[in-house]
Amino acid sequence: MTMRSGMVYGILLWGFISQALADGGVGVKAPSCSLSKIGGGGEKTLEAYQGKVIYVDFWASWCGPCAQSFPFMNKLQKELGSKGLSIVGVNLDEKAGDAMGFLNQTPAHFELVADAGGKCAHELGVKAMPSSYLIDRQGVLRFIHLGFKPTEAQALRDQVEALLDEKSPVK
Amino acid sequence: MTRLFGLFKVCMKAAKSGQATLAFSRRFSYSCNSLLRGLLLIAFSVVLDGCAEVQPWERGNLAKPHMGLQPFPSQAALREHIYGSRESASGSTASSGGGGCGCY
Amino acid sequence: MISLLAQSLRSLGLKGPVALTASALNRLRRPNPKALSLSGPSILSEPSALSALRAAALALPGLVAQNPMAVAAPGDILDLQYGSYKQTPWQLLDGLKSQYTPLQVDNIEANGLLTFSDRWKFGFNYAQDTWSGATPVSSAPNALVGNNPSAAGASPLVRGNGTILYDKKLTPYRLDDTTANYVPDKRLVQTVASASPEIRNQGNFRLGYEWDESALNLGGGVSQEPDYNSAFGSLNGRMDFNQKLTAVNLGLNYANSDINALVNPLYSPYVDQSYYAAKGQIDTVQNSSGVPGHYLTGNRQDWSTHLSVNQVMNKDLLLESGVGFIRSTGYLGNPYKAVDMVFVDTKGAPVPPIDSSSTTSLYAPVVQAVVERRPEERNQGMWDFRLVQFVEATDASVHGGYRFFVDDWGITAHTFDLDWVQPVEAWTVTPRFRYYSQNGASFYQPYFLFQGKAPVGPSGHFNLAGVPLNAYSSDYRLSAYGAISGGLTVARPIGKAMAFEAGFEYYAHGGDLRLGGAGQGSWSNFDYYQFNAAVKVDLSAVSNAKLSAEPDHEGHDHGGNHRQDHLGMDGPSGILFNHMLANAGDTMVGVRYAYELQQGGMMHGTSPVSDRQIVATGCGPTIKCTFTPKQMDMGMVMVDLMYAPTDWLTLMLMPQFMSMDMHLRRLDGSPDPSGGSHAGHGANPYHATGGVGDIFMGSLFKLYEEEGHKIHFTLGFTAPTGSINQRINGNSEFEHYGMQLGTGTWDIWPSLTYNGYHGDFNWGGQLSGNVPLQSYNASGFAVGNLFEATAWGGYQIQDWLSGSLRALYTHQDAISGHYPAPFVPSGPMDTPQSYGGQYLDIGIGLNAAVHSGDFEGNHFGLEWLQPAYTDYNGYQLERTGTLWANWSLAF
């Protein structure tokens, strides 16, 4: 291979890498996603949860790590719900039936909504499945997690608890 | 495309006429070298353009079990093992990663 | 990575067993890249979807997250597979088939992929191939009469029988039997020889680490068989780009293999081995009957690398393309193959014609068989392309691929394959099609014909150095041909986390199937069919199900209530059908291994017996025994699959795989064994058999249960899937009764089991019987009725460990019936009366169970059974003991 083609490949490779590293959104007021019930109907936006710490989790029936994350989120909702935590599981399945099948197998004890068109996912810039977005009581997006791994669950929990403990900032 | 096939033919003829003791790098003529480069460039360019932008949440179909590159891996391995012992060509370069749900 | 290397290595196959050539099938290291693929959840879409989606909708009410850390990652699997390969008999000529049993290979393998701390992946694979059957040594003109097709067991005449002649135009002439005239015959034929069964074992592992968008894996393993030992290692990495829409894989493999093959004594004296002898690669070993054995030794090294890119094109389409390169050096030949070199001196004197009116001058050639020789270097390159397209209309997917291969031996090959994977309700049905075409290697010829005098050395013997060739092979796998194959695979999930797969394929190799035609003639055609079945356990579904389960629902909380386990889970390893599954919907998979060893002296009844007595009376009133076993061992692998449709019924399926070997010795004072089945095998014959055994299927019924006690009844049958037609070394003599792989009959197997526990103690007892339902099998005999009674006691030493002590009484009748005539027993192991007896054994065992953490639900057991009292029927080799080991996972 000549130097020239080597450079071409190098540039292509760099292009891929830099695209993958792109990120953004943290520290900014979260967009007001419009969410509906699974199967359609009943619109709701994220602003409805103002004052609570919102844990927005984007999931789908075909996503393996999602099945692992549900028991963790169930536990989190049960234990921290009284402190003001609202876990919102946003389903991105194109067919509601798939989501119901998944829920039969892996039940969810937190609020479930749907975003079949992917509009909210697009607004929040979802880059991976599953993705969790932690929004504080002021509606500011604070943390984004790509994927779910059981060993990272404790770190996630610590972040949620920190957000719950925050007092309102002096404006 | 026809030019590509032409290059292939030259490559194959070179492969057939040469002697076994020639070193690999000399084995292939200049046309074969450029053929290889051409193939890699094609692979990369295919990757760059011609693909739709698929959002992470639109990978439902790709995540289906039968959409994996190898839906029955141990069976495939057994069959490749048998083919490899009955045929001269070596196994495929099937990669060990890619496609699927793209979950982290 | 390993697959690439394995394929390259085995491409021309080293083969066969000690006695002879056979496919390289068993030589190949089992690649199984998918099972050991450690590149993260993204590609292992099959198991991940399986875990979350494909389970039966067993609504588990409520949930409590017991320990969110104790999960297996999506993609963690455990896989047990059985495969069977059978070739159709070699076509010799005009529809005449070789009498030899064609090549067949049975293999079993277990592999698993486990995740530790979410990012460390560990994969392991173990495989065992047993193969037997005949394959070609070389090919030759039909006129050479190299085969003796009417008699299996005849030595292949690699130099012919001396009747071939050639005319001036170098057309071969055959001596026609009926007219006693010479007729032209241009046909070619394979020269086939048989081989004794051989077993290959392979183990390999993989360790990898996953980052978010990349992975690195390191792997290695070994493959062992009597004539071929190989060690290999690999390194590969993956990088994802574009939010995982693009992945690039790069791998590197290395293998180092040692060959040490006995050139088949049936033709070794007639095959020139001077090239390798001059290089010091021939070891001559005198075996015990004074016949020298030539071992061809060599070493080869294979380096390979590959780069592939796969890209998600749109929601429904995935493309992949890759290039690879392999460099092999060293001894790359097949020690069991030879070529025929024929020298026709048309300037010399023709032979006097039989028929004086014939005007054609015929010349007698010099025919010399030479061990094949391939170049010491091989460079191979390949490019492949795959696509996976989702078909919305039927929820199916189409998989297509093309591979281009080229090497510096002159071979180029094309492979096309197409699969249609169609889910049909719970099943997945996959028809598949494949087409392969290659042209021949530059040094391949069916045989090598020279015009001129054969080169001779000063002593007047054939001088290979005078032949102007640096490489020569008649291995049909290096010829030009095409192959078409088609098959079907079906798969279905069972229970929450288990799936069953089965596949079948028929393959036809044809010279005329080559792309563009002009392949080898139909004389080298063959067909094969293969069948495989596998059970897969999705470990992440197992752990997800546990996490979602209710803690106080009896039986589901394996973590806390280990007392529940005592009702059967931890019984001694050597007891079958020891426990039932407690709840409807439960499944269990397990593997049990038994190793039974007999060695030492010969016994009759309860006391030792002298060789003289065995010679005189061991083989019946008229025949004198000549051989007796000195060591026998039997390894049995049983796969336990259990499913409970209700809580009082458990269904069970237990396939078995056997491998047995026997070392024999001459009896002191015995007459000359020539003419018997062991003639020509020297003073210490060795036999091995292996393959699938009988398969058990049955039901377990709960009869009585209360706190601390449980009684259940098992009713099952064994189907005669184990071969009872094993022969010694391809010839027509039956193997010894004890070396057959099954009973050959449908047998009924009832048993009654009692389990009890209190505090730290547990105990139990079992009565069982095994009775053939037919008087004799297809080989003329039936095993004796078996009755067993056993009782045991166990103590919980630690939370996770318990020990057991038991006694086992066995009563087995002798074999009834016998092999059909003309079967001449050569020792007591060939007489039906020397089987069975009454035995009392004492067993001591240990059981371990994992109650929490990542591996909860796994149970292990180990037990040694020591003979305490034995009363043997007839003359048998002393029993040393039996080792049992088992693993099971309930979910």
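A residue counts as partly exposed when its relative accessible area lies between the 20% under which it is buried and the 50% over which it is exposed. Phe124(C), at 29% relative accessibility, is therefore partly exposed. Welcome to a predicted model, for which the predictor reports an ipTM of 0.81 and a pTM of 0.78 for the complex. Below are some places to look at, grouped by topic.

**Confidence in chain C**

- The mean pLDDT of chain C is 83, with 86% of its residues at 70 or more.
- Please take care with residues 1-70 of chain C, where pLDDT stays under 50.

**Chain B**

- Chain B has 5 helices and 0 strands, and from the N terminus on its elements read α-α-α-α-α.
- Of the 104 residues in chain B, 60% are buried.
- Taking the contacts in chain B between residues at least 6 apart in sequence, 52% join residues that are at least 24 apart.
- Helix α5 of chain B covers residues 73-86, which makes 14 residues. Its first and last C-alpha atoms are 20 Å apart, close to the 20 Å expected at 1.5 Å a residue.
- Because 13 of its 14 residues are buried, α5(B) is largely enclosed by the rest of the structure.

**Helix α5 of chain A**

- Helix α5 of chain A has 13 residues, 153-165, and should span 18 Å at 1.5 Å a residue; the distance between its end C-alpha atoms is 18 Å, which agrees.
- The buried residues of α5(A) include Ala153(A), Leu156(A), Arg157(A), Gln159(A), Val160(A), Leu163(A) and Leu164(A).
- Down the axis of α5(A), these buried residues fall within an arc of 160°, so they line one face of the helix.
- As background, an α-helix has 3.6 residues a turn, so residues three or four places apart point the same way.
- Cover for the buried residues of α5(A) includes β3 (53-59), α2 (64-80), β4 (85-91), β6 and β7 (141-146) of chain A.

**Backbone points to check**

- Most residues other than glycine have a negative phi, and most peptide bonds are trans.
- In chain A, the peptide bond from Met129(A) to Pro130(A) is cis, with omega near -10°. Pro130(A) sits in the loop between α4 (119-124) and β6 (131-135).
- In chain C, the peptide bond from Ala821(C) to Pro822(C) is cis, with omega near 0°. Pro822(C) belongs to the loop between β43 (816-817) and β44 (837-849).
- Lys244(C), a residue other than glycine, has a positive phi near 65°. Lys244(C) is in the loop between β13 (228-241) and β14 (246-262) of chain C, and its relative accessible area of 4% makes it buried.
- Asp395(C) is not a glycine either, and has a positive phi of about 60°. Asp395(C) lies in the loop between β22 (377-391) and β23 (396-407) of chain C, where it is partly exposed with a relative accessible area of 29%.

**Aromatic rings**

- Over all chains, the whole structure holds 43 aromatic pairs.
- Phe122(C) and Phe124(C) form a tilted pair, with 6.3 Å from centre to centre and 35° between the planes.
- Phe122(C) is partly exposed at a relative accessible area of 27%, and Phe124(C) is partly exposed at 29%.
- Ring pairs also link a cluster made of Tyr83(B), Tyr85(C), Trp90(C), Tyr476(C), Tyr507(C), Phe526(C) and Tyr528(C).

**A buried serine in a loop**

- Ser524(C) lies in the loop between β28 (498-510) and β29 (526-538) of chain C, and at 0% relative accessibility it counts as buried.
- Beyond its neighbours within four places in sequence, Ser524(C) is in contact with Gln190(C), Tyr476(C) and His509(C). Tyr476(C) is one of the residues in the ring cluster.

Key: Residues are numbered from 1 along each chain as its sequence is written. Chains are lettered from A and ligands numbered from 1 in the order in which they are written. This is a predicted model: local features need pLDDT of at least 70, side-chain atom pairs count only at pLDDT 80 or more; totals for chains, interfaces and linings use all residues. Side-chain values use heavy atoms; hydrogens and water are left out. Helices (H or I, at least four residues) and strands (E, at least two) are DSSP runs, numbered from the N terminus. Buried means under 20% relative accessible area, exposed over 50%, partly exposed in between (1.4 Å probe, protein chains only). The expected span of a helix is 1.5 Å times one less than its number of residues. The arc is that of the directions from the helix axis to the C-beta atoms. Contact means heavy atoms within 4.5 Å. pLDDT is the predictor's confidence in each residue, from 0 to 100. Rings of Phe, Tyr and Trp (its six-membered ring) pair if their centres lie within 6.5 Å; planes under 30 degrees apart count as stacked, over 60 as edge-to-face and the rest as tilted.
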